[in-house]
Amino acid sequence: MRIVVNDIAASSGGALTVLKNLYNYIEDNDDQNEWFFLLGDKYIEETDNVKVLVLENVKKNWLNRLGFDFF
């Protein structure tokens with residue numbers, strides 16, 4: 001199964017901690033699913049079943065974020 005995690009907003013604090021905890025859980029326990037993380041920066045590393053897509057432009061201004069959220 002392919003699973004997408006959209007966590008553009010995570011950059012510090014609790015949101016980043018939850019992101020890293022999820023990533024560590026997947027790394028240790030899930031080798032059957034294919035995971036895609038949509039992030040604002042390179043906070044985690046890619047593995048065989050985890051792909052990281054960094055979308056830097058989304059957080060530059062509210063128009064980019066709005067466009068990303070609707071499309």
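User: Is Glu-34 buried, exposed or something in between, and what is its relative accessibility?
Analyst: Glu-34 counts as partly exposed, because its relative accessibility is 26%. Buried means under 20% relative accessible area, exposed means over 50%, and partly exposed lies in between (1.4 Å probe, protein chains only). This is a predicted model: local features need pLDDT of at least 70, side-chain atom pairs count only at pLDDT 80 or more, and totals for chains, interfaces and linings use all residues. Residues are numbered from 1 along each chain as its sequence is written, and side-chain values use heavy atoms, with hydrogens and water left out.

User: What does Glu-34 form a salt bridge with?
Analyst: Arg-2. The closest N and O atoms are 3.0 Å apart. The pair links distant parts of the chain: Arg-2 sits in strand 1 (residues 2–7), Glu-34 in strand 2, and they are 32 residues apart. A salt bridge here is a side-chain nitrogen of Lys or Arg within 4 Å of a carboxyl oxygen of Asp or Glu.

User: And Arg-2, buried or exposed?
Analyst: Exposed, because its relative accessible area is 64%.

User: How many salt bridges by this rule?
Analyst: The count comes to one.

User: Zoom out. How many helices and strands?
Analyst: Two helices and three strands. Along the sequence the pattern is β-α-β-β-α. Helices (H or I, at least four residues) and strands (E, at least two) are DSSP runs, numbered from the N terminus.

User: What does the C-alpha trace span, and what share of residues is buried?
Analyst: The trace spans about 40 × 25 × 15 Å along its principal axes. Of the 71 residues, 27% count as buried.

User: What about Asp-30? Where is it?
Analyst: Asp-30 is in the loop between helix 1 (13–29) and strand 2 (34–39). Asp-30 is buried yet has no salt bridge. The nearest side chain of opposite charge is Arg-2, 13 Å away. For charge, Lys and Arg count as positive and Asp and Glu as negative; His and the chain ends are not counted.

User: So what does its side chain make a polar contact with?
Analyst: The side chain of Asn-33, at 2.9 Å. A polar contact is a pair of N or O atoms within 3.5 Å; within protein, one must be able to donate a hydrogen and the other to accept it, and residues adjacent in sequence count only if both atoms are side-chain atoms.

User: Which residues is Asp-30 in contact with, leaving aside neighbours within four places?
Analyst: Tyr-25, Trp-35 and Asn-49. Contact means heavy atoms within 4.5 Å.

User: Tell me about Asn-49. Which backbone oxygens does its side chain reach?
Analyst: The side chain of Asn-49 reaches the backbone oxygen of Asp-30 at 2.5 Å, and that of Asn-33 at 3.4 Å. Asn-49 lies in the loop between strand 2 and strand 3 (50–54). Asn-49 counts as buried because its relative accessible area is 14%.

User: New topic. Which residues form the nonpolar surface patch?
Analyst: Trp-62, Leu-63, Leu-66, Phe-70 and Phe-71, with about 720 Å² of accessible area together. Patches are made of residues with over 30% relative accessible area and no salt bridge; like charges are joined within 9 Å, nonpolar side chains (Val, Leu, Ile, Met, Phe, Trp, Tyr) within 5 Å. Accessible areas come from the Shrake-Rupley method with a 1.4 Å probe; for residues, only the protein chains shown count as cover.

User: Where does Leu-66 lie?
Analyst: In helix 2 (residues 62–70). Leu-66 counts as partly exposed because its relative accessibility is 37%.
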